[in-house]
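Hello,

Here is the structure for your files. My notes on it follow below.

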Amino acid sequence: MSERPDFSAFPDASGHFGPYGGCFVSETLMGALDELKAMYERLKDDPQFRADFDYDLAHYVGRPSPLYLAERWSKQVGGANIWLKREDLNHTGAHKVNNTIGQALLAKHMGKPRVIAETGAGQHGVATATVAARLGLKCQVYMGAEDVQRQKLNVYRMKLLGAEVIPVTSGSKTLKDAMNEAMRDWVTNVDDTFYIIGTVAGPHPYPQLVRDFQCIIGREAREQSLKQAGKLPDALVACVGGGSNAIGLFHPFLNDDGVAMYGVEAAGDGIDTGRHAAPLSAGRPGVLHGNRTYLMEDDNGQIIETHSVSAGLDYPGVGPEHSWLKDVGRVQYVAADDQEALSAFRELTRVEGIMPALESSHALAYAKKLAATMSPDQNIVVNLSGRGDKDILTVADIDGIEF
Amino acid sequence: MRRIERCFERLASENRKALIPFVTAGDPQKEVTVPLMHDMVKAGADIIELGVPFSDPMADGPVIQLACERALAHNTSTRDILDMVKAFRQTDSETPVVLMGYLNPVEVMGYEAFARAAADAGVDGVLLVDLPPEEALEVKPVMDANGLDIIFLVAPTTSDARIKLIGEAGSGYLYYVSLKGVTGSAALNVDEVASRVETIRNLAKLPIGVGFGIKDAESAQAVSRVADGVVVGSALVNQIDKFQKEPAAISGAIGDILSAMRTAMDT
Ligand SMILES: Cc1ncc(COP(=O)(O)O)c(C=O)c1O
């Protein structure tokens, strides 16, 4: 058998995870990315930078987030113990803020007075608007016109926080188009603007730095597991949109051979229908948004539209590190469809009194299946990446309820 | 000698500069493109940049985004575009044709298959906006082996060290993006362009084409005084947008713009 790679040694110096990742952007951005890379290299092990980041995570975000044993639900499922990593309890309600705190610190160090972001569900937009408000940075958020309609509450939240939300009407009017538009803005305003990307995608060094900021999730979960369960978990489960909450949980465990990992993509109406958002399950490698990764594309290399009940998973690509972890077989990528996610959403709410985000509900749906095949002396950690308040209107709509 | 090199040599010997129009292939209809290419040559074009439409044109402004959407609305594929070049070559064996677009449609075909098909169709070069030289190590020898030039961009933000690297990696010509922004952005600053082009000349040997922000005869003339080639895109694609319902009028409208540029550049 071939030797297992040392997962902590990636990406390589040019930003690649095996054949994936890299820096596929127009020349105008190469200088800015070099500058960001140099700044990040300098700061990432700098004690003061780390201390500032940790301080904000503790006192502003409210970390560490608890690792909660969902005892009643585990009993009902009948199998492994299901533990929930409670990112839903973070300030602003999701894991996204771990990353925006980190990138906003970088923006401050680089002296950029303006930040931009792309957002789908609006969670990353809210998390960006939040840190921008706190640091007094000008903030503009690009959001597909379709998503602006679907996520009215978060749009208003961003406005209250002082950010400007710019609806994107090009292409499919969703997250990928918002990312295109944010890139166009950055090319134009590269001198004074920091682009806060919301997931582990984009050109190098973004997949690396977003991962590093999100790894707080896995580092805490590892320590908490040892303390609370007395051993490392047998399996980790997280939903995968761009893949930031998943890599944040997985990465600190990658070199622990005994820990199985499952990334759960959105199967939408079902993988067979073609109406889904599961590039790792049903796509193929290509190049989009600055990196090489698995994509949903047609035979001509055009990116195709995605479908999911959860706006935060509605993305045709995925972080490049996940593509590599799939190919080397370290992580299993599976999918849960809209119905499975909705039923997990309802179940956790009723059984544990915790209302999960629809994104996280995909992870819960798979964890339920997995737990049932395991024994009560085994442990699963599920990343509860966000809370479901933002999704109440979506679920009400499905239930035929109008306010 | 390759067609692009020959073109720049001939122009240099005549003390003229290259006029390089860009249009998106298949916009607004597939049938429009080949006759339009011939008409652009008649109006004074020296090299044609043919846009390969992409669903996610990250480096393009609204004008070319819409051109991509129009071309993709009836599924203009890379193979269709190679067929167009092949048809163009039946009566024009001299005007260089450069395919300009994004990497993914090439990547999906496979580098080898793409390069062979492109060379066979009579394509001379490719310019892939999201492919900097660092990521082109694998594709470059494949293009080379098939006689295709690979044209790289230089931006206002490109460091001297990178200009050197790009100059060594590329062939055919260098494409200087005259401003920080997407295609179709505001007007360029001629003095700034002149000083940057001089810097590039000192660091790289290839001919220099300048694009982004060239809209009319006046800006084309100004840029032709300092660069080796003048690329005009959005100003032409605007005409396609305007006449998308009466495609017969497109060639005339674009031809008028190019003729005026040609005259201004040659005087
Ligand atoms: C709660 C929550 N979970 C997950 C995601 C998906 O993103 P990622 O895969 O980067 O964690 C989102 C994105 O908006 C989200 O809001």
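Predicted model: local features only at pLDDT ≥ 70, side-chain atom pairs only at ≥ 80, totals over all residues.

Residues are numbered from 1 along each chain as its sequence is written, chains are lettered from A and ligands numbered from 1 in the order in which they are written, and side-chain values use heavy atoms, with hydrogens and water left out.

Helix α4 of chain A covers residues 96-109 (helices are DSSP runs of H or I, at least four residues, numbered from the N terminus). Its 14 residues should span 20 Å, and the end C-alpha atoms are 21 Å apart, which agrees (expected span: 1.5 Å times one less than the number of residues). Of the 14 residues, 12 are buried, among them A:Lys96, A:Asn98 and A:Gln103 (buried: under 20% relative accessible area, exposed over 50%, partly exposed in between, with a 1.4 Å probe and protein chains only).

A:Gln123, in helix α5 (residues 123-135) of chain A, counts as buried because its relative accessibility is 8%. Beyond neighbours within four places in sequence, A:Gln123 is in contact with residues including A:Thr92, A:Lys96 and A:Lys390 (contact: heavy atoms within 4.5 Å). The side chain of A:Gln123 reaches the backbone oxygen of A:Thr92 at 3.4 Å.

A:Ile392 lies in helix α16 (residues 392-398) of chain A and, at 37% relative accessibility, counts as partly exposed.

Regards

How values were computed. Helix = DSSP H or I, 4+ residues; strand = E, 2+ residues; numbered from the N terminus. Polar contact = N/O pair within 3.5 Å; in protein donor to acceptor, adjacent residues only side chain to side chain.
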